[in-house]
Amino acid sequence: MKNTRKYKKRRLFITMASLVVILVAVVIYVEGRLRVDTELPPVAEEPVKEEPVGEVPDIEKPVDEVPDDSKDNENPAEEPQQEPSAPEDVNIVKDPAATDALVNKKNNLSSTYVPEDLVKLEGIPTVLENPEINQLREPAYIALKDLFQAAADEEGYELHARSGYRSYGTQKDLYNSYVKNHGQAAADKYSAKPGQSEHQTGLAMDITCAAMNFQLDDTFGDTDEGKWVSENAHRFGFIVRYPKDKEDITGYFYEPWHIRYLGVELATKVYESGLTLEEYLESN
Ligand SMILES: [Zn+2]
C-alpha cells in the first residue's frame with residue numbers, strides 16, 4: 001500500500017514534470033515563432049529626406065575654384081573619366097569671341113573654343129602659379145589692370161587676380177573632381193559643366209584681396225574691396241556677373257568675386273539697369 005502510494009506519487013511527479021517540460025518547450029517554440037513572425041515583414045524604412053533646396057553642402061573649395069595644377073593634379077590619370085550628363089535644351093554659342101557673348105547653363109561654348117588673343121597677366125598681383133588661369137583675353141587684361149590701378153590710386157586697395165581663363169579640359173577636370181568629392185547632384189548644382197563656364201571665354205576673372213586671405217567666398221562682397229568693385233567695375237568694362245538672389249536667372253549663386261568683361265559701354269548699361277546680363281540682353 002505504502003509502495004503503491006509512493007509509486008503513484010512518483011508517477012504523478014513524473015507526469016507533472018513532463019507536462020512542465022512540454023509546456024516550457026511549447027512556450028519557447030511559440031515565442032520563437034512569434035519573434036520570427038515579427039521579424040519577417042520588412043520594417044518600413046523612414047523615407048529618405050530630400051536635401052533642402054537651399055542647403056549648401058560643405059564645400060572645401062568654392063565652385064569656381066581651380067586647383068593649382070602644381071599641387072592638386074599630380075595624378076591626373078586617377079581622375080574619373082566621367083562624361084557630364086547629356087545637355088538638354090542647350091544652345092552652342094555662335095560667336096564665342098564676341099565681347100557680349102552670353103555663356104551660361106543654357107548657352108554653352110564648344111569644346112574646341114580657345115580665344116585667340118589670350119595674354120599673360122603681367123604687372124598685376126596674382127595668387128596661384130597655374131599659368132593657364134593667369135591669362136585673359138587682351139582687352140579684358142588691359143581693363144583689369146586699369147581697374148586694379150584705380151582701386152589702388154583711389155582707395156589704396158590691393159586687388160589680386162586669382163583665376164582667369166580656364167580651358168574646356170580644365171573645367172571638365174574640375175567638374176569631375178566635384179562629382180567625386182560631393183556627388184553628382186551637388187556637382188550639377190554647384191559646379192559648371194565644361195562649356196558652361198564663362199572662364200572659357202577669357203573674359204572672366206575671379207578676384208580677391210588680403211582681407212580674404214586671397215580665397216574666394218561670398219564674404220568678399222562685405223569687404224571694402226568687394227564693395228568698391230561692385231560699384232566701380234563697370235567704369236572699366238566689368239560687371240559682377242552673379243548677383244545675390246538671382247540664381248534662378250543666372251544659374252549661379254552669388255559670386256561677388258567673379259567679374260565679367262563686357263566693355264565699358266555695355267557694362268555701364270547693365271550696371272545702371274540693375275539687371276543680370278541674361279535679363280539685360282533679353283530686354284534690349
Ligand atoms: Zn569665376
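**Fold and core organisation of the predicted model**

V103 is found in the loop between β1 (91–92) and β2 (107–108), where helices (H or I, at least four residues) and strands (E, at least two) are DSSP runs numbered from the N terminus. The structure is a predicted model, in which local features need pLDDT of at least 70 and side-chain atom pairs count only at pLDDT 80 or more, while totals for chains, interfaces and linings use all residues. Residues are numbered from 1 along each chain as its sequence is written.

With 24 other C-beta atoms within 10 Å, V103 is buried. A residue is termed buried if 20 or more other C-beta atoms lie within 10 Å of its own, exposed if 12 or fewer, and partly exposed in between, with C-beta atoms placed from the backbone. Neighbours within four places in sequence being left aside, V103 is in contact with V93, L109, Q196, E198 and T201; contact denotes C-beta atoms, placed from the backbone, that lie within 7 Å. The C-alpha atoms of V103 and L277 are 9.9 Å apart in space, although these residues are 174 residues apart in sequence.

The secondary structure of the protein chain comprises 9 helices and 8 strands. Of its 284 residues, 32% are buried. Among contacts between residues at least 6 apart in sequence, 66% join residues at least 24 apart.

An open sheet is formed by 4 strands in the order β5-β6-β8-β7, with antiparallel pairing. Two strands are taken to pair if DSSP finds at least two bridges between them. β5 and β7 are the edge strands, each pairing on one side only. Neighbouring strands of the sheet are turned by 45° against each other on average, direction ignored; axes are lines fitted to C-alpha atoms, for helices over the stretch in contact, and angles run from 0 to 180 degrees between N-to-C directions. The antiparallel strands β5 and β6 are joined by 4 bridges, and the bridge partner of H160 in β6 is T208. β5 is largely enclosed by the rest of the structure, because 4 of its 5 residues are buried. β7 is mostly covered, 5 of its 5 residues being buried.

Helix α6 (224–232) lies across β5, β6, β7 and β8 and runs at about 35° to β8. Within α6, the residues E225, G226 and V229 are buried. These residues cover an arc of only 100° around the axis, which puts them on the same side of α6; the arc is that of the directions from the helix axis to the C-beta atoms. The cover over the buried residues of α6 includes α3, β5, β6, β7 and β8.

In soluble globular proteins, nonpolar side chains tend to be buried together. A nonpolar core is defined here as a set of buried Ala, Val, Leu, Ile, Met, Phe, Trp, Tyr and Cys residues joined through C-beta atoms within 7 Å. The largest such core has 36 residues, and those with the most contacts inside it are L144, L147, A233, F238, I239 and I259. Two or more residues are given to this core by each of α3 (138–155), β5 (159–163), β6 (204–209), β7 (238–242), β8 (255–261), α8 (264–273) and α9 (277–283). The most is given by α3, with 7 residues. Apart from neighbours within four places in sequence, I239 is in contact with A233, H234, I259, R260, L262, A267, V270, Y271 and L277. A second, separate core of 5 residues includes L174, Y178, A187 and A192.

N213, which is not a glycine, has a positive phi of about 55°. N213 is exposed, with 8 other C-beta atoms within 10 Å. F214, likewise not a glycine, has a positive phi of about 65°. F214 is partly exposed, with 15 other C-beta atoms within 10 Å.

Methods: Contact = placed C-beta atoms within 7 Å.
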